Amino acid sequence: MLNIYTHPIFYKHDTGVGHPETAARIDAAIEGVGRAGFAEQIVRDPQPHDDTARIIAKVHSEDYEQELDEACRAGMRLFHSLDNPISSQTFAAARAAVSTALRAADDMMQMNKRAFVIARPPGHHAERVEAMGFCFFNTIACVADWLREQNSIERVFIFDFDVHHGNGTQHLFEERNDVYYASMHRYPFYPGTGAANEIGIGEGRGFTKNIPFPAETGDAQYLRAVEDDIVRIIDDYRPNAILLSSGFDAHRRDPLGGMRVTEQAYGEITRRVVEAAEHHASGRVLSLLEGGYDMEGLAASVDEHVRALA
Ligand SMILES: [Zn+2]
C-alpha cells in the first residue's frame, strides 16, 4: 500500500523569477502521481506532527530554526546563500516539509504503508546550522532521527539518488552507524563533496557510501550501481526502514543535472530498493522528493517511481 503526501503551504515558498526550484515542481510531481493512477491516494493537508519542532531543534538547533523564522518575518530575500532566496512563508513551508514527512513516517510505522512525500523546499544540502543548495531544513535527516526514536527501528538506510551529493545528510550521520547514508551522484559537481573515499568517520566508518559518476552517465551505470552496491549494502546492513532522497535531476531532460537517466530507470531503481525492503525492512520505504527541475522529466519520473513504490 502507498500513501502520498503534500501540503498547500509548499506553494507559498517563493524563490522569485528565474529560480529553478519553483512551486510548479509540486504540480509536476502531482501530475506524475495522476498518470500512475494514484491521485486518490494523495493526502493534501496532513495533520501537523507534534514532534516537528523538537526534531528540527535536535537535527539542527533552536537558534538556527529561530534565525530562519526571523529572517522570513523581517522580509529578508536571501538566507545564508545566493542559492537560497526566501519569502514570508519559507519558514512555514520548510517546517511543513518536516512535519509532513514525519506524518508519513508515523503512518508508515502504524499502518505499514509505504510513502511518497511531495514537499518543497528540498532538504539534503542543509547542514546542521547552514542553509545551502535550495535547502533549509534537512527533512530526510529529521525523518531518520525520528525513526531511530521508535522501538522497532535500530538501523535506518538512506539512499540518495539525487544528481547532487547530499552533503548535509552525510555530515549529520557520518559519525554514526545506526543511520547508513548511501549516495550516487555526479562528481565532481555541486556541492563538491561525495568522493568515493568519504566512507564515514569513527564509529560511522564504513556506514557512508558514495558512488560518484561522471557527466552524461546513463541508465546502465545507474542500474549496475544499484544492483552491485546499493542492494548488496542493504542485504548486509539489514535496515529496519529505508528512506529515499528522491531527486529526479539526473533525468536526461533536466536543465541542471547533465546526466542521461530515463524515467524507466527510476522505476527500475525503485523496484529493486522496494524488493530489498521487503526482505529486510518489513517493506518500509519512505521516499521524499528532493531535486528535479524539468517539469515533464519530473512528472514522467514520478509516474514510474510511484508505480514501483506501490
Ligand atoms: Zn539535486
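**View 1. Helix α5 is mostly covered in this predicted model.** Nine of the ten residues of helix α5 (residues 139–148) are buried, where a residue is called buried if 20 or more other C-beta atoms lie within 10 Å of its own, exposed if 12 or fewer, and partly exposed in between, with C-beta atoms placed from the backbone. The buried residues of α5 are Thr-139, Ile-140, Ala-141, Cys-142, Val-143, Ala-144, Asp-145, Trp-146 and Leu-147. Helices (H or I, at least four residues) and strands (E, at least two) are DSSP runs, numbered from the N terminus. The model is predicted, and local features need pLDDT of at least 70, side-chain atom pairs count only at pLDDT 80 or more, and totals for chains, interfaces and linings use all residues. Residue numbers start from 1 along each chain as its sequence is written.

**View 2. An open sheet is formed by eight strands.** With parallel pairing, the strands follow the order β2-β1-β5-β10-β9-β6-β7-β8, two strands being paired if DSSP finds at least two bridges between them. Because β2 (42–43) and β8 (208–213) each have a single partner strand, they stand at the edges, and one side of each is left without a neighbour in the sheet. Six bridges join β7 (residues 179–186) to β8 in the parallel sense, and His-185 stands opposite Pro-212 in β8.

View 3. Helix α4 (residues 90–111) lies across β1 (2–5), β5 (114–117) and β10 (285–289), and runs at about 170 degrees to β5. Axes are lines fitted to C-alpha atoms, for helices over the stretch in contact, and angles run from 0 to 180 degrees between N-to-C directions.

**View 4. Helix α9 packs with α8.** The axes of α8 (residues 263–280) and α9 are 8 Å apart, at an angle of about 25 degrees. This makes α8 roughly parallel to α9, since angles under 35 degrees count as roughly parallel, over 145 as roughly antiparallel, 65 to 115 as roughly perpendicular and the rest as oblique. The crossing of α8 and α9 is right-handed. On the α8 side the contact includes Tyr-266, Gly-267, Thr-270 and Val-274, and on the α9 side it includes Ala-300, His-305 and Leu-309, residues being in contact if their C-beta atoms, placed from the backbone, lie within 7 Å.

**View 5. Helix α9 also meets α1.** The axes of α1 (residues 24–35) and α9 (residues 295–309) come within 7 Å and cross at roughly 40 degrees, which makes α1 oblique to α9. Among the residues making this contact are Ala-24, Ala-28 and Val-33 of α1, together with Met-295, Leu-298 and Val-302 of α9.

**View 6. Two prolines follow cis peptide bonds.** The bond from Arg-120 to Pro-121 is cis, with omega near 0 degrees, and Pro-121 lies in the loop between β5 and α5. Most peptide bonds are trans, and most residues other than glycine have a negative phi.

View 7. Phe-134, which is not a glycine, has a phi of about 75 degrees and lies in the loop between β5 and α5, where Phe-134 is buried, with 25 other C-beta atoms within 10 Å. Arg-238, also not a glycine, has a positive phi of about 45 degrees and is placed in the loop between α7 (219–237) and β9 (241–246). Arg-238 is partly exposed, with 13 other C-beta atoms within 10 Å.

Definitions and conventions. Contact = placed C-beta atoms within 7 Å. Left-handed = near helix turned anticlockwise from the far one by under 90°.
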